[in-house]
Amino acid sequence: MSAATTLNWTAAPRGDAAVRYESREATREVPWVKWTILGISLTFFAVFLLLPLVAVFVEALRKGWETYWSALIHEDALWAIKLTLTAAAISVPLNLVFGVCAAWAIAKFEFRGKHLLITLIDLPFSVSPVIAGLIYVLIFGAQGWLGPWLAEHDIRIIFAVPGIVLATVFVTFPFVARELIPLMQAQGREEEEAAIVLGANGWQTFWYVTLPNIKWGLLYGVILCNARAMGEFGAVSVVSGHIRGQTNTLPLHVEILYNEYQFAAAFAVASLLALLALVTLAVKTWVEHRASGGSQSREAHQDAAS
Amino acid sequence: MSASRTFRVLPGFHLTLGYTLAYLSLIVLLPLAAVFLKSASLSAAEFWHVISAPRVVATYRLSFGVSLAAAAINAVFGLMLAWSLVRYSFPGKRFVDALIDLPFALPTAVAGIALTALYAKNGWIGQYLEPQGIQVAFKPLGVLVALVFIGLPFVVRTVQPVLEDLDTELEEAAASLGAQRWQIFRHVILPVLLPALLTGFALAFARAVGEYGSVIFIAGNIPMVSEITPLMIITKLEQYDYAGATAIAVVMLVLSFLLLLLINGLQAWTAKRTGRDR
């Protein structure tokens with residue numbers, strides 16, 4: 001297994017697929033058209049994507065490393081980090097289990113209403129994060145349906161950690177499921193059926209047959225889910241109440257510092273989140289490379305043959 | 001397939017489907033239903049009064065208008081970026097390709113303050129635009145910049161795979177029949193890309209309408225000028241006007257559902273188009 005993957009890494013120098021277009025008269029543009037398109041699109045990329053990212057780090061270090069460091073080890077910042085990690089540590093596993101269950105039911109079985117179910121799973125992506133927060137305020141808030149009962153039993157959900165977790169679970173709900181469903185549908189169920197026929201039980205089948213097939217997709221979904229869980233702002237903002245050192249996640253802490261004109265500190269904390277985003281993208285790129293390694297080298301072969 | 005419907009070999013169907021439905025209902029469906037139920041506490045006249053108040057209508061105009069403009073800008077430049085990534089080789093291509101997803105990974109609040117720092121009066125870009133009389137931050141133009149940032153990957157990532165799968169033989173056939181490069185693009189490539197491009201446009205638009213975090217820092221949030229609809233919900237909530245907040249949320253939710261239907265239709269069209277041409 002490892003030998004095969006090493007081979008992929010070395011044997012496929014990732015011969016840029018673009019060469020295939022640029023080497024043929026029929027599929028390439030004249031140079032000035034090519035350079036204009038390339039120039040415009042890369043300028044657009046630099047201004048709209050690269051510059052904001054660079055700005056975060058430059059602004060964060062504007063007042064020097066000392067200010068930067070003291071903003072990060074401030075008590076409120078540390079609390080925000082802890083709360084953010086907690087919210088992600090609860091919501092990601094919940095949505096992971098859900099994603100695997102949903103994908104198993106949808107990909108391995110036929111039933112009516114499957115398309116509707118897939119659409120409903122995607123629903124949280126098309127709902128504004130502000131509404132995601134609002135729905136839980138309507139249910140658990142002081143004026144909400146369960147509000148009086150919760151107050152009686154001294155349970156706080158809104159303006160407290162459970163509300164933050166709920167809102168995070170909502171906005172990250174589809175991530176794992178939507179990665180796994182198409183993947184497991186494409187893989188079919190012959191392998192699992194063979195395992196069952198040979199006497200494996202359901203759990204063994206999942207663990208030894210399904211999981212190795214879906215591990216990259218699973219990892220991919222978890223990474224994206226985690227990034228969103230740690231970075232969610234709108235939904236969490238509605239349910240948190242912005243209580244310093246109690247219900248402030250990292251993104252909310254950034255907002256508070258920024259609104260208090262502590263720009264360097266705000267950007268320092270923001271740079272942590274930007275680093276998280278960069279790590280997410282790096283892992284994502286790596287996973288994609290691993291997952292598509294085989295198919296890419298196949299493409300290269302076809303190319304060489306033609 | 002029909003055999004497995006009558007006799008399922010694989011275990012766990014009832015367990016996994018049951019858990020899926022229960023979890024989906026508990027986390028998503030019931031809470032969303034709460035919005036509609038809560039809005040029913042308003043009479044039709046009250047509901048209409050809330051959602052047609054001039055300040056609220058101004059937010060629709062801004063949110064929808066600017067979201068459409070941002071999605072259109074993304075459709076144009078996203079197509080060019082996808083084209084560059086698929087068709088040309090240039091140094092740093094993998095870096096550019098990976099960073100396209102930055103708006104998905106970067107928390108919106110971080111994007112918001114970064115864009116504000118760039119486009120404020122004394123910001124990196126703002127200081128050059130200001131003397132030209134162009135104000136970006138704290139104006140509707142600032143909202144546009146934030147929404148362009150947020151929506152770009154939707155277009156690139158829906159167009160790029162279709163472009164990669166595009167059969168070059170079609171182009172070669174067209175070229176051998178004497179078509180110019182532009183004619184080939186216009187009549188051979190674009191028709192295949194169109195459904196994907198429209199899907200990307202719709203996805204970017206849907207995301208932009210609901211976007212909150214990246215916008216509020218750069219928008220300035222001036223009533224009647226640069227307030228977005230999601231902010232209106234927050235404002236109502238802060239005034240403990242739950243019914244009012246809910247009424248606006250219903251308007252947005254209905255729009256989201258319509259967009260979702262549209263996007264599903266477009267995706268089916270994309271699949272059909274590309275499947276037929278393959």
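Analyst: Happy to! Let's begin with a pair inside one chain: α4(B) and α11(B) cross in a right-handed way. Right-handed here means that the near helix is turned clockwise from the far one by less than a right angle, and left-handed that it is turned anticlockwise. A word on the source: this is a predicted model, where local features need pLDDT of at least 70, side-chain atom pairs count only at pLDDT 80 or more, and totals for chains, interfaces and linings use all residues. Residues are numbered from 1 along each chain as its sequence is written, while chains are lettered from A and ligands numbered from 1 in the order in which they are written.

User: At what angle do the axes of α4(B) and α11(B) cross?

Analyst: In general, a packed pair of helices is described by the angle and the distance between the two axes. Here, helix α4 (residues 54-87) and helix α11 (residues 181-210), both of chain B, cross at roughly 140 degrees, with axes that come within 8 Å. Axes are lines fitted to C-alpha atoms, for helices over the stretch in contact, and angles run from 0 to 180 degrees between N-to-C directions. Helices themselves are DSSP runs (H or I, at least four residues), numbered from the N terminus.

User: Which residues make that contact?

Analyst: Among them are S63(B), F64(B) and G78(B) of α4(B), and G200(B), F201(B) and F205(B) of α11(B). Contact means C-beta atoms, placed from the backbone, within 7 Å. By class, the contact has twelve nonpolar, five polar and no charged residues. Ala, Val, Leu, Ile, Met, Phe, Trp, Tyr, Cys and Pro count as nonpolar, Asp, Glu, Lys and Arg as charged, and the others, Gly among them, as polar.

User: How many residues of chain B are in contact with chain A?

Analyst: There are 77 from chain B, facing 78 of chain A. Helix α2 (residues 13-39) gives the most on the chain B side, with 14 residues. That side has 56 nonpolar, 13 polar and eight charged residues.

User: How does α7 of chain A lie against α2(B)?

Analyst: The axes of α7 (residues 129-140) of chain A and α2(B) come within 8 Å and cross at roughly 70 degrees. The two are therefore roughly perpendicular, a term for angles of 65 to 115 degrees. Residues that meet include L134(A) and Y136(A) on one helix, with P31(B) and K38(B) on the other.

Terms used. Two residues are in contact if their C-beta atoms, placed from the backbone, lie within 7 Å. Angles under 35 degrees count as roughly parallel, over 145 as roughly antiparallel, 65 to 115 as roughly perpendicular and the rest as oblique.
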